[in-house]
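Q: Please take me through this model one feature at a time. I would like the general idea and then the case here.

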Amino acid sequence: MCYRGRQCLTVSHAVSQTLSWTEVLTLKNLSRIQAAESSLLPAEAPNHLLTMVNWVVNHWFSVLFLVAWLGLNVFLFVHAFLSFEKATKYYYTRQILGSALAWARASARCLNFNSMLILLPVCRNLLSFLRGTCSFYRSTLRKQLDHNLAFHKLVGYMICLHTAIHIIAHLFNLERYSRSRQATDGSLASILSNLPHQENYSWLNPIQSPNTTVVYVTFTSIAGLTGVIITMALVLMVTSAMEFIRRSYFEVFWYTHHIFIIYFIGLGIHGLGGIVRGQTEESMAENHPHKCAEFFEKWDDPASHCKPPQFEGLPAESWKWILAPGILYIFERILRFYRSQQKVVITKVVMHPSKVLELQMHKHGFSMEVGQYIFVNCPSISNLEWHPFTLTSAPEEDFFSIHIRAVGDWTENLIRTFEKQYSPVPRIQVDGPFGTASEDVFQYEVAVLVGAGIGVTPFASILKSIWYKFQHADQNLKTQKIYFYWICREMGAFAWFNDLLASLEQEMEELGKVGFLNYRLFLTGWDSNFAGHAALNFDKANDILTGLKQKTFFGRPKWDNEFSTIATAHPKSAVGVFLCGPQTLAKSLSKCCRQYSSLDPRKVQFYFNKENF
């Protein structure tokens, strides 16, 4: 079995010229192990046009949604730009600032729009409600809810883009304000900038003195100071959300991302200073720019029909955009806080190999579906940190469980806390459950489940639920076939759910449904001694690593062959492909789903679903 041109099992280069019968047998079985995966003929080269068409067919709603979102951004930007570039009210303001005024206001409009959207994808209770209780939602629409975090990131990137435009435009604005305030050439911009900051006059230039610097205005005005705070908060949130930091230093990401509170407070009051101003309606009756701008030198003449113009600051708008989603998010947090305060009873603690902790718990009124996840907090470790974990129990069980692997400071501290034999069991708080793509697994005739390492957890819940459904002879089960792939780096990881797979094997045999579950276990990390031992025992009935009847494969699946086989076996089925694993694997599976789906809707269709937290 090979992966990317590398042999999956190798034999030491220092092999003697004369092989013993044991070595011959080892080599023979090694070749059989390698052939186990490569027995299928390679799939034909995919048609790239067909792949692209399949992508459009399977993602048409996502494309439509993104086009609508981008279209709204373009519309708001262009509309605001033209309004400030052409409106008579801002004629005098443009005499100082030029087109930088329109660039600043257009980007601000898009900033407000996207700030309104940024919180909605992380309102998990709202998404679970739309997914689970609104039965009128079609599967196509529900699948879009699985992309909530991807959309959250896109909106964040759009905010960063318009923030950059807004900052650059205002840097030009401040520089032009300063330059026109210092000018002594008697130009219109100079006259407008020297309008006095008195009660009876409405000023236009926020820089009150030629000696006032741009830096001073930035840090002493409401707009300038809040703008600096908002920008710093945004930079911290974006940089801490990078994949490397989020995976390796989750606590840094968690704490820093909550600076969004400062961001929204600053955004809400950012426009209160009214630093960008336009001419008042009353003033335009006495000094219409089209009639009076050329006579600016006579504005102070009592005999002139043109009076000095008066200006007013633009009313603050940001709070109007973020008020409704802000209230919705506050209700979301109140609900989550209320649920997290409900008592959780830990009924069982199990330590598995490879530093994996299993917690079985009970909570009054807790109800779940397969593949859902919860947020867990341990106050003795941190009062503020909440971490997501997929539920590994089935809805039919009278408890709910999670498996926690040590992958960071918080999880390592939690495992050490539970390993202390003579200390009281720490208190656990639970928020959830929340819906995921795996909830739809039983909506497909054929399901392909792919778990990488601890990513097997949502599929443990699914497999347990299947076991219960067979126990109770559930006639409503639509799924006819399940393909399960579990890819692990460590040999001890398979012990996490060995008993479950063994029970399923036995149950399928007793019910005469041996073909219902086709599972394959792949080990990607091993040493040469174990490989030789596995080869010598290849002919035994049960696998020497797991004790199961299905033998463990050494290496990684060849997905083209796997998908080709599934497409041939189910030529007219809807196949749901579910992944809980890394992004590189997601790209491979998503590509295969597009390649092996038929353009004919009556034939095989692969639908890719990925767990996102």
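**Reading the model, from strands to sulfurs**

Q: How many bridges join strand 13 to strand 14?
A: Three bridges join strand 13, residues 517–523, to strand 14, and the two strands run parallel. Strands pair if DSSP finds at least two bridges between them. Strands (E, at least two residues) and helices (H or I, at least four) are DSSP runs, numbered from the N terminus. Before we go on, this is a predicted model, where local features need pLDDT of at least 70 and side-chain atom pairs count only at pLDDT 80 or more, while totals for chains, interfaces and linings use all residues. Residues are numbered from 1 along each chain as its sequence is written, and side-chain values use heavy atoms, with hydrogens and water left out.

Q: In what order do the six strands of the open sheet come?
A: Read across the sheet, the order is 14-13-12-11-15-16, with parallel pairing. Strand 14 (552–554) and strand 16 (605–610) are the edge strands, each pairing on one side only. On average, neighbouring strands here are turned by 20 degrees against each other, direction ignored. Axes are lines fitted to C-alpha atoms, for helices over the stretch in contact, and angles run from 0 to 180 degrees between N-to-C directions.

Q: Which strands does helix 22 touch?
A: Contact means heavy atoms within 4.5 Å. Helix 22, residues 559–569, packs on the sheet and touches strand 11 (446–452), strand 12 (481–488), strand 13, strand 15 (574–580) and strand 16. The direction of helix 22 makes about 170 degrees with that of strand 12.

Q: Now the other sheet: which way does the pairing run in the order 5-6-9?
A: It is antiparallel, in an open sheet of three strands. The edges are strand 5 (344–352) and strand 9 (400–405), each pairing on one side only. Six bridges join strand 6, residues 356–363, to strand 9. M361 stands opposite F400 in strand 9.

Q: How many aromatic pairs does the structure hold?
A: It holds 25. Rings of Phe, Tyr and Trp (its six-membered ring) pair if their centres lie within 6.5 Å; planes under 30 degrees apart count as stacked, over 60 as edge-to-face and the rest as tilted. Take F84 and Y90: their ring centres are 4.6 Å apart and their planes meet at 35 degrees, so this pair is tilted.

Q: Is F84 buried or exposed?
A: Buried means under 20% relative accessible area, exposed over 50%, and partly exposed in between (1.4 Å probe, protein chains only). F84 has 7%, so it is buried. Y90 also counts as buried, at 10%.

Q: Why is the pair of Y485 and W559 called edge-to-face?
A: Their planes stand at 70 degrees, with ring centres 5.1 Å apart, so the edge-to-face label applies. Y485 is in strand 12 and W559 in helix 22, so the pair links distant parts of the chain, 74 residues apart. Both residues are buried. Ring pairs also link Y485, F522, F553, W559, F563, Y596 and F606 into a cluster.

Q: Over which ring does the charged end of K469 sit?
A: A charge sits over a ring if NZ of Lys or CZ of Arg is within 6 Å of the ring centre and within 35 degrees of the ring normal. For K469 the ring is that of F442, with the charged end 5.1 Å from its centre. The charged end of K481 sits over the ring of Y483, 5.3 Å from the centre.

Q: Which cysteine does a disulfide join to C292?
A: A disulfide is a pair of cysteine sulfur atoms within 2.5 Å. C292 is joined to C306, with an S to S distance of 2.0 Å. The torsion about this S-S bond is about -75 degrees, so the disulfide is left-handed. C292 lies in helix 16 (residues 289–292) and C306 in the loop between helix 16 and strand 4 (311–313), so the bond ties together parts 14 residues apart in sequence. Both ends are buried, C292 at 2% relative accessibility and C306 at 0%.

Q: What kind of peptide bond joins G432 and P433?
A: Most peptide bonds are trans. The one between G432 and P433 is cis, with omega about 10 degrees. P433 is found in strand 10, residues 429–434.
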